[in-house]
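Hi everyone, thanks for making the time. I'd like to walk you through one structure today, so let me put it on the screen.

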Amino acid sequence: IAAVVGNPLLAWLLSMAGGEELSFVLMSFLVMTLLVAFVGGLGPALLSAALGAVLSNFFFAPPRLTLTILEPEHAIAVVLLFLVAVAASRIVTMAATRSREAGIARTEADLLTTASLDVLAGADRLQALLLRLREAFDLVGEAIMGADGNVIAADPAAASLTGLTRV
């Protein structure tokens, strides 16, 4: 929605504000594309980059209200807007994805740290550990097994699904 609504809205605002300088207009559309990339991801950002290039050409590059560009440097500027917007959108999208992945990894590491402390606290805490693992990883049933293959602890769901029992 931001790509489809935001770019025409930006074009309207720039025209109302008297945005005559093509470089300012192009930078404004680049910023819009980066915002769309951060919020919506790569697909909407590509649409935003294309719309920004077309709208900046149509409304702000002479001759106005046509898709024709008379001056070669204006044509190069519009093409560069599109290329830079696409490249920057990809970088912003990758950074946002990695940030989300880091948050998930941090949560899992915190859980595993707490789980390790629960195990060190004693065997009576194993059921609490199993409950914490089930909630964090959205598991149906879980069991803790020793290196020898013996079950150390199993929650009721794991026991009923697999027939495992605590040794």
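This is a predicted model: local features need pLDDT of at least 70, side-chain atom pairs count only at pLDDT 80 or more; totals for chains, interfaces and linings use all residues.

**A walk through the helices**

Where does Ser28 sit? It is part of helix H2. Leaving aside residues up to four places away in sequence, Ser28 touches Leu10 and Leu14.

Leu14 brings me to the core. The largest nonpolar core has 19 residues, and Leu14, Phe29, Phe60 and Leu81 are those with the most contacts inside it. Which helices supply at least two residues each? They are helix H1 (2–16), helix H2 (22–40), helix H3 (42–60) and helix H4 (72–121). H2, the helix where we found Ser28, gives the largest share of this core, with seven residues.

Now look at Leu81. If we again skip residues up to four places away in sequence, Leu81 is in touch with Leu26, Phe29, Leu30, Gly52, Ala53 and Ser56. Apart from this core lies another one, made of eight residues, including Leu111, Leu130, Leu133 and Ala153.

Leu130 and Leu133 take us to helix H5, because both are on the list of buried residues there: Leu126, Leu129, Leu130 and Leu133. Those four cover an arc of only 100° around the axis, so they are on the same side of H5.

Just after H5, Asp138 takes a positive phi of about 55°.

One more residue from H5 is Arg132. Is Arg132 buried, exposed or partly exposed? Its relative accessibility is 28%, so Arg132 counts as partly exposed. Not counting residues up to four places away in sequence, Arg132 touches Leu111, Thr114 and Asp118. Of these, Leu111 is also one of the residues in that eight-residue core. Finally, Arg132 and Ala154 are 22 residues apart in sequence, with their C-alpha atoms 13 Å apart in space.

Technical notes
Residues are numbered from 1 along each chain as its sequence is written. Side-chain values use heavy atoms; hydrogens and water are left out. Buried means under 20% relative accessible area, exposed over 50%, partly exposed in between (1.4 Å probe, protein chains only). The arc is that of the directions from the helix axis to the C-beta atoms. A nonpolar core is a set of buried Ala, Val, Leu, Ile, Met, Phe, Trp, Tyr and Cys residues joined through side-chain atoms within 4.5 Å. Contact means heavy atoms within 4.5 Å.
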